[in-house]
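Here is a short briefing for a reader new to this structure. Take a look at the model before reading on.

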Amino acid sequence: MVRYASAALATNPEKTSRARGEYLRTHFKNMREVAAALSGMKLQKAYTYLGDVVEHKQIIPFRRFAGGIGRASQAKQFKTTKGRWPEKSVRFIQRLLKNAESNADAKSLALEDLFIKDIVVQQAPKTRRRTYRAHGRINPYQGHPCHIEIILGATDEEVERAKDKDALSKSTLSGLNRRQVARKRIEASRSS
């Protein structure tokens with residue numbers, strides 16, 4: 001069993017599903033930006049968004065690794081100016097999302113309730129090649145692969161807070177400092 005970097009976030013393993021890819025031959029920087037754009041998104045929305053990116057209808061905003069990235073008007077919707085359409089990274093992510101969705105289906109989770117709870121991209125060891133330059137010199141020619149892991153979570157049902165407890169505690173303890181509140185609690189516990 002492999003250790004996930006974000007396994008601590010999965011507080012309820014029955015409500016989450018995971019998928020990971022290692023040593024993926026796609027650029028780390030591109031993959032990081034794609035992952036940042038998808039984090040927290042509903043699964044079905046992520047599929048349509050990635051499909052639009054491949055067709056150049058929507059853009060992946062580049063925020064951290066944005067040196068030398070050209071400007072594009074589609075990036076305005078993300079309140080930035082720079083963006084690209086990294087199709088290779090998008091295809092890798094689509095495959096991993098499909099795998100995580102299949103894992104969720106095997107756990108019999110409701111597929112329409114899934115969202116991308118966590119997505120982590122890390123650098124893998126560089127692949128080393130060399131390129132030949134003028135005057136007999138040789139320079140490194142490295143690839144920048146990456147590891148990626150995805151955790152999908154099912155949306156939890158929100159439980160409303162009890163109103164009678166809220167009203168009671170606010171009315172009796174409002175305007176008191178911490179020491180007075182503690183003293184009231186001690187008196188209440190002694191009397192009951």
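Glu22 and Arg20 join their side chains in a salt bridge, with 2.8 Å from N to O. The model is predicted. Arg20 also meets Glu149 in a salt bridge, at 3.3 Å from N to O. Together, Arg20, Glu22 and Glu149 form a network of salt bridges.

**Salt bridges**

- A search of the whole structure finds five salt bridges.
- Side chains of opposite charge can pair when their charged atoms come close.
- Arg20 is partly exposed, at 25% relative accessible area.
- Glu22 is partly exposed as well, with a relative accessible area of 39%.
- Glu149 has 4% relative accessibility, so this residue counts as buried.
- Arg20 lies in strand 1 (residues 16–24) and Glu149 in strand 7 (residues 146–154), so their pair ties together parts that are 129 residues apart in sequence.
- Another salt bridge links the side chains of Lys98 and Glu101, at 3.8 Å from N to O.
- Lys98 and Glu101 are three residues apart in helix 3 (residues 87–106), so about one helical turn separates them.
- Glu101 counts as buried, because its relative accessibility is 11%.

**Aromatic rings**

- The whole structure holds two aromatic pairs.
- One of them joins Phe28 and Phe65: the ring centres are 5.9 Å apart and the planes stand at 65°, so the pair is edge-to-face.
- Phe28 belongs to helix 1 (residues 28–38), while Phe65 sits in the loop between strand 2 (60–61) and strand 3 (83–84), so the pair ties together parts that are 37 residues apart in sequence.
- Phe28 is buried, at 11% relative accessibility.
- Phe65 is partly exposed, at 23% relative accessibility.
- Arg95 lies over the face of Phe92, 5.1 Å from the ring centre.

**Overall build**

- The protein chain has five helices and seven strands.
- From the N terminus on, its elements follow the order β-α-α-β-β-α-β-β-β-β-α-α.
- The radius of gyration is 25 Å, well over the 16 Å that the globule rule gives for 192 residues, so the protein chain is more spread out than a compact globule.
- The C-alpha trace spans about 90 × 40 × 35 Å along its principal axes.
- Of the 192 residues in the protein chain, 34% are buried.
- Among contacts with a separation of 6 or more, 66% come from residues 24 or more positions apart.
- The accessible surface of the protein chain is about 13200 Å², and 49% of that surface belongs to carbon and sulfur atoms.

Conventions. Residues are numbered from 1 along each chain as its sequence is written. This is a predicted model: local features need pLDDT of at least 70, side-chain atom pairs count only at pLDDT 80 or more; totals for chains, interfaces and linings use all residues. Side-chain values use heavy atoms; hydrogens and water are left out. Rings of Phe, Tyr and Trp (its six-membered ring) pair if their centres lie within 6.5 Å; planes under 30 degrees apart count as stacked, over 60 as edge-to-face and the rest as tilted. Helices (H or I, at least four residues) and strands (E, at least two) are DSSP runs, numbered from the N terminus. Buried means under 20% relative accessible area, exposed over 50%, partly exposed in between (1.4 Å probe, protein chains only). A charge sits over a ring if NZ of Lys or CZ of Arg is within 6 Å of the ring centre and within 35 degrees of the ring normal. The radius of gyration is taken over C-alpha atoms; the globule rule is 2.2 Å times the number of residues to the power 0.38. Contact means heavy atoms within 4.5 Å. Accessible areas come from the Shrake-Rupley method with a 1.4 Å probe; for residues, only the protein chains shown count as cover. A salt bridge is a side-chain nitrogen of Lys or Arg within 4 Å of a carboxyl oxygen of Asp or Glu.
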